[in-house]
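Subject: Handover of the structure and notes on it

Dear colleague,

I am handing over the structure below, followed by my notes on what was found in it. Please read the notes with the structure open beside them.

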Amino acid sequence: MSAPAEPTLPAPYRIVGRRQDSADVFTWTVEPLGEPALTFLPGQFNMLYAYGIGEVPVSISSAAAGEPLLHTIRAVGSVTRPMAALPVGTVIGRRGPYGSAWPLAEAEGGDLLIVAGGLGLAPLRPAILGALARRAQFGRLCLLYGTRGPADVLFADQLAAWRARGDLELRVTVDRATPDWTGEVGVVTRLIARADVDPARTTALVCGPEIMMRFAGEALLRRGVPATAIHLSLERNMKCAVGYCGHCQLGPHFICRDGPVLAWPRLAGLLDVAEL
Amino acid sequence: MTLRELVASQRFCQGLSEGQCGELAACASERQFAPGEFLLRQHAPADTFYWVLEGQVKIRLALPGQGLVTLETLGPDEAVGWSWFAPPYRCQFDALATTPTRTLAFAAAPLRALMERDPTVGCAVLKVLVSTLSERVQSCRLQVLDVYAPPGGRR
Ligand SMILES: Cc1cc2nc3c(=O)[nH]c(=O)nc-3n(C[C@H](O)[C@H](O)[C@H](O)COP(=O)(O)OP(=O)(O)OC[C@H]3O[C@@H](n4cnc5c(N)ncnc54)[C@H](O)[C@@H]3O)c2cc1C
Ligand code: FES
């Protein structure tokens with residue numbers, strides 16, 4: 001893992017590619033100016049700094065090996081909206097990688113059930129690619145992906161390629177169908193009951209809006225997946241990202257340091273408190 | 001597999017005796033639907049309770065001005081429709097197959113009579129129906145919450 005000498009000092013990276021994934025989501029390809037290629041674990045995030053605008057935590061959405069560094073970003077507010085307008089060639093700051101990773105090594109030998117909601121597919125992409133790269137080490141592999149509507153389905157080409165492999169059960173569902181949508185309709189959590197996995201030997205990785213993750217966790221428990229094998233990726237506002245400032249606190253956890261990936265038992269009682 | 005064995009292997013038969021499964025099977029037949037074929041039609045009498053064995057069924061509603069909207073899709077091991085259980089026994093939505101679909105179709109009137117006559121069977125069927133209903137209400141609430149909407153307003 002590359003550990004920066006000064007943990008809060010961003011290194012310059014150039015945006016060398018930009019793809020518009022949906023109306024408000026885009027993916028940057030970024031390259032270091034001078035420093036060696038980044039090593040990271042699936043599930044970790046970087047702090048990305050648009051000079052003069054601000055800095056935000058963004059998960060890494062590229063494979064841990066064999067791909068340039070990718071970040072998939074949704075333009076929601078005062079930093080990410082101006083980021084959406086930056087042209088290819090712009091230099092930004094990057095520091096990290098930070099946080100905990102998806103427990104892929106622990107999951108080997110059993111089934112892997114991945115539940116993604118909306119933009120949650122982006123932080124899960126490195127885990128999916130990691131599992132596919134070591135496909136023989138896993139039993140059944142199942143990806144359930146739910147999003148708002150057909151126009152919001154991310155990485156459509158990638159999904160088609162995964163489906164074509166035949167060794168991954170992929171189910172895509174939308175909350176709101178359009179007349180031309182022929183796929184499944186309904187919330188992604190409902191697909192958990194029917195996923196083709198052996199619950200007792202399943203590791204579940206879940207990422208999406210917090211309320212979706214809470215219901216997904218409960219559906220996984222009902223299905224018989226052990227609580228300790230259910231892992232969620234949490235988001236909180238961040239400033240330092242290195243455990244100094246407390247901005248990202250959720251109950252006893254600092255999400256930047258203890259998370260973002262946390263096992264279900266560590267989140268007991270924290271996902272349904274309005275003020276947290 | 002005989003119809004009786006097929007019925008007995010479904011989860012609503014868990015805990016029921018062979019005789020009770022037989023009585024349930026007496027209300028049932030196996031029915032297949034081609035893509036586009038209707039299981040239920042809005043406003044029609046709700047005289048059948050379908051249990052999906054294979055395939056996919058979509059629940060659809062006609063919305064004035066917006067055409068036909070698919071609200072959800074259902075698959076194997078799921079119940080389609082509950083209007084057969086409560087008066088006035090009229091379908092509220094369309095249900096139609098989107099892929100080749102195999103179902104167990106229970107005739108509603110004899111099924112209701114059996115459930116009245118034998119509360120153990122009634123309870124077994126109701127348990128499945130209520131869990132289906134609670135799952136659908138929960139899903140529906142999440143859909144209404146529009147959890148993937150952009151912050152600060154819906155598109
Ligand atoms: C560990 C971690 C990983 C993340 N990974 C990604 C990623 O891969 N891609 C990505 O696009 N974002 C990711 N985020 C979220 C991202 O950091 C925020 O969307 C960003 O900080 C918003 O900054 P802003 O200044 O543009 O918006 P602000 O001006 O801070 O907020 C504008 C509006 O957006 C809302 N908002 C802020 N953050 C979020 C959010 N996360 N979800 C929904 N609404 C929000 C605010 O409540 C406000 O209404 C991650 C966050 C964390 C903590
Ligand atoms: S962001 Fe500062 S402690 Fe986590």
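In these notes, contact, or touching, means heavy atoms within 4.5 Å. With that in mind, and leaving aside residues up to four places away in sequence, A:Val115 touches A:Leu124, A:Leu144, A:Val188, A:Ile192, A:Leu205, A:Val206, A:Cys207, A:Met212 and A:Ala216.

Before going further, please note that this is a predicted model, in which local features need pLDDT of at least 70 and side-chain atom pairs count only at pLDDT 80 or more, while totals for chains, interfaces and linings use all residues. Residues are numbered from 1 along each chain as its sequence is written, chains are lettered from A and ligands numbered from 1 in the order in which they are written, and side-chain values use heavy atoms, with hydrogens and water left out.

The cores

A nonpolar core is a set of buried Ala, Val, Leu, Ile, Met, Phe, Trp, Tyr and Cys residues joined through side-chain atoms within 4.5 Å, where buried means under 20% relative accessible area, exposed over 50%, and partly exposed in between (1.4 Å probe, protein chains only). In soluble globular proteins, nonpolar side chains tend to be buried together. The largest such core here has 41 residues, and those with the most contacts inside it are A:Val115, A:Leu144 and A:Leu232. The elements of chain A that give two or more residues to this core are strand 3 (45-50), strand 7 (111-117), strand 8 (141-147), strand 11 (202-207), helix 5 (210-223) and strand 12 (230-233); helices (H or I, at least four residues) and strands (E, at least two) are DSSP runs, numbered from the N terminus. Helix 5 of chain A gives the most to this core, with six residues. Apart from this core lies another, of 40 residues, among them B:Cys21, B:Leu104, B:Ala108 and B:Leu129.

Where the chains meet

The contact between the chains takes 25 residues from chain B and 27 residues from chain A. The area buried between chain B and chain A is about 2,300 Å², of which carbon and sulfur atoms give 49%; buried area is the accessible area (1.4 Å probe) that two parts lose on being put together, summed over both. Between chain B and chain A the count is six salt bridges, a salt bridge being a side-chain nitrogen of Lys or Arg within 4 Å of a carboxyl oxygen of Asp or Glu. In one salt bridge the side chains of B:Asp146 and A:Arg148 meet at 2.4 Å, N to O. On the side of chain B that touches chain A, strand 5 (67-74) and helix 4 (119-145) of chain B each supply at least two residues, and the largest share, eight residues, comes from helix 4 of chain B. A network of salt bridges links A:Arg190, A:Arg194, B:Glu72, B:Glu78, B:Glu135 and B:Arg136.

Salt bridges within chain A

Over all chains, a search of the whole structure finds 28 salt bridges. A:Asp24 forms a salt bridge with A:Arg74, the closest N and O atoms being 3.4 Å apart. A:Asp24 lies in the loop between strand 1 (11-22) and strand 2 (25-32) of chain A and A:Arg74 in strand 5 (residues 69-74) of chain A, so this pair ties together parts that are 50 residues apart in sequence. A:Asp24 is buried, with a relative accessible area of 14%, and A:Arg74 is buried as well, at 19%. The side chains of A:Glu35 and A:Arg94 also meet in a salt bridge (2.9 Å, N to O); here A:Glu35 counts as partly exposed at 28% relative accessibility, whereas A:Arg94 counts as buried at 4%.

Backbone details

The peptide bond from A:Gly96 to A:Pro97 is cis, with omega near 0°, and A:Pro97 lies in strand 6 (residues 91-98) of chain A. The peptide bond from B:Pro87 to B:Pro88 is likewise cis, with omega near 5°, and B:Pro88 has its place in the loop between strand 6 (79-80) and strand 7 (94-97) of chain B. Phi of A:Ala241 is near 70°, a positive value in a residue other than glycine, and A:Ala241 is buried, with a relative accessible area of 3%.

With best wishes
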